[in-house]
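Trainee: I have not seen this structure before. Could you show me how to read a few of its features?

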Amino acid sequence: MLTLSERSALHGIFSPLLGLALFSVASGYLMSLIPLALVSFSLSEALSPWLASAYFGGLLLGALKAQRLISRCLHRVSFIICLVTLLASVLLMYFFPHAAAWLVLRAIAGAATAGIFVVVESWLLLVDNDKQRTTRLALYMITLYAGNALGQLLISAFGVSGLIPFMLVSGLLALALIAPLFTANASVPAAQHQSLSLSDIARLSKTGLIACLVSGLVLGPIYGLLPSYISQFTNWKGDLGLLMAGVILGGVLVQPLCGRLSANYNKTLLQAVIAFIGVAAALSMLLAETSFSLAVSLFVLGGAAFSLYPIAISQACLNQSTDKIVAITEMMLIIYSLGSIAGPLVAELASDSLADLPYYFGAILGSSTVYMLLMLAKGAGRRHIPQP
């Protein structure tokens, strides 16, 4: 049973979570829709990684400006502005099916999405209790990933060509506007939001920053390239929606466990273990002989990939004051965006073909595992140095 204070806290975050849920369903459908809809709009499939990088480039630019938007407009109005911008970009993509237009519109969509992420994350994390932040962040990630997983299932139900998919995404985004439109503005005063100085950034957890970067390097290709990999290099193209939903569902189901472990165990060790599990899942994709075995591999890969980001944010926000939360979430999103921009392009340039995508996942997550273990050993060594 929730206490009175817990029920009150949940009421205060209901609006951003409801808006986030509808946004995430639309976003999940759209991320897989775009690479699969290229052929129906007479666009080259080679455009897919560039569209993914354009989106994440916009995500980076949006992250750089999100704090300023929140300071001027507060959380509720900023949420509305970002949702309306994203909605407009989706509609314009349907009416202007040209490569240059899609690249620009995906960059705009990325900027709007960055605003949504920073607004909702900082809205939820504006509390002084680290344990409460961890709980709220777990709720955020569950809502986001559950919506994304549901969005993947819409691929099978509504397809990837014609007007209906774009109208459905637009309708979901329009519904997402209802929550902030009919909610009182919720934010700390704008003057209380502080920027991070260079010394503040230097004091942020290095392993948290690296985990954020690795998360982007993995999730960028998962969103931008994995649908095409499943469609072209597996025998289960017809199960694409379910398989992609499985990736995100893995991220959903592991969030409560990660939230609890993150609050009670060393976060760097936890990141090392998660990255190692991701390596095993990536390599098992190559050995899959049935759709079920591939689904299990993707489920575990999703659980690993989607866990790194929230743990990294929790690590960065540990013992931080509320007036720096917006700036910290913005900084972490910037790092994530840099990884997401590079990920699809590095995955394509580093491999002979898209068929090597599992090796890319294994290499990135394997490098992360080694780094985290080295940082753990370095920290342990410092603790055992005799003090004069």
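Mentor: Start with one residue. Ser368 is found in helix 14, which spans residues 357-383. Keep in mind that this is a predicted model.

Trainee: Is Ser368 buried or exposed?

Mentor: The general idea is a cut-off: a residue is called buried when its relative accessible area is under 20%. Ser368 has 3% relative accessibility, so Ser368 counts as buried.

Trainee: Which residues is Ser368 in contact with, leaving aside its neighbours within four places in sequence?

Mentor: With those neighbours set aside, Ser368 is in contact with Val214 and Ala275.

Trainee: How do I read a phi value?

Mentor: Most residues other than glycine have a negative phi. Here, Ser42 has a positive phi near 60°, and Ser42 is not a glycine. Leu74, also not a glycine, has a positive phi of about 65°.

Trainee: Where do Ser42 and Leu74 lie?

Mentor: Ser42 belongs to the loop that joins helix 1 (4-37) and helix 2 (48-95). Leu74 is found in helix 2.

Trainee: How does accessibility class these two residues?

Mentor: Exposed means over 50% relative accessible area, and partly exposed lies between that and the buried cut-off of 20%. Ser42 has a relative accessible area of 71%, so Ser42 is exposed. Leu74 is at 25% relative accessibility and therefore counts as partly exposed.

Trainee: How do I read a pair of helices?

Mentor: Look at the distance and angle of the axes, then at the residues that meet. For helix 10 (residues 240-264) and helix 11 (residues 267-285), the axes come within 8 Å and cross at roughly 145°. On the helix 10 side, the residues are Cys258, Leu261 and Ser262, and these meet Lys267, Leu270 and Ile274 of helix 11.

Trainee: How many nonpolar, polar and charged residues does the contact of helix 10 with helix 11 have?

Mentor: By class, that contact of helix 10 with helix 11 has four nonpolar residues, one polar and one charged.

Trainee: How many helices and strands does the protein chain have?

Mentor: There are 14 helices and zero strands in the protein chain.

Trainee: What share of the protein chain is made up of buried residues?

Mentor: Of the 388 residues in the protein chain, 55% are buried. The accessible surface of the protein chain is about 16200 Å², and carbon and sulfur atoms account for 68% of that surface.

Trainee: What about contacts along the sequence?

Mentor: Take the contacts in the protein chain between residues at least 6 apart in sequence: 85% of them join residues at least 24 apart.

Key
Residues numbered from 1 in each chain as written. Predicted model: local features only at pLDDT ≥ 70, side-chain atom pairs only at ≥ 80, totals over all residues. Heavy atoms only, no water. Helix = DSSP H or I, 4+ residues; strand = E, 2+ residues; numbered from the N terminus. Buried < 20%, exposed > 50% of the residue type's maximum accessible area, 1.4 Å probe, protein only. Contact = heavy atoms within 4.5 Å. Axes fitted to C-alpha atoms, helices over the stretch in contact; angles between N-to-C directions. Nonpolar A, V, L, I, M, F, W, Y, C, P; charged D, E, K, R; others polar. Areas by Shrake-Rupley, 256 points an atom, 1.4 Å probe, with all protein chains shown as cover.
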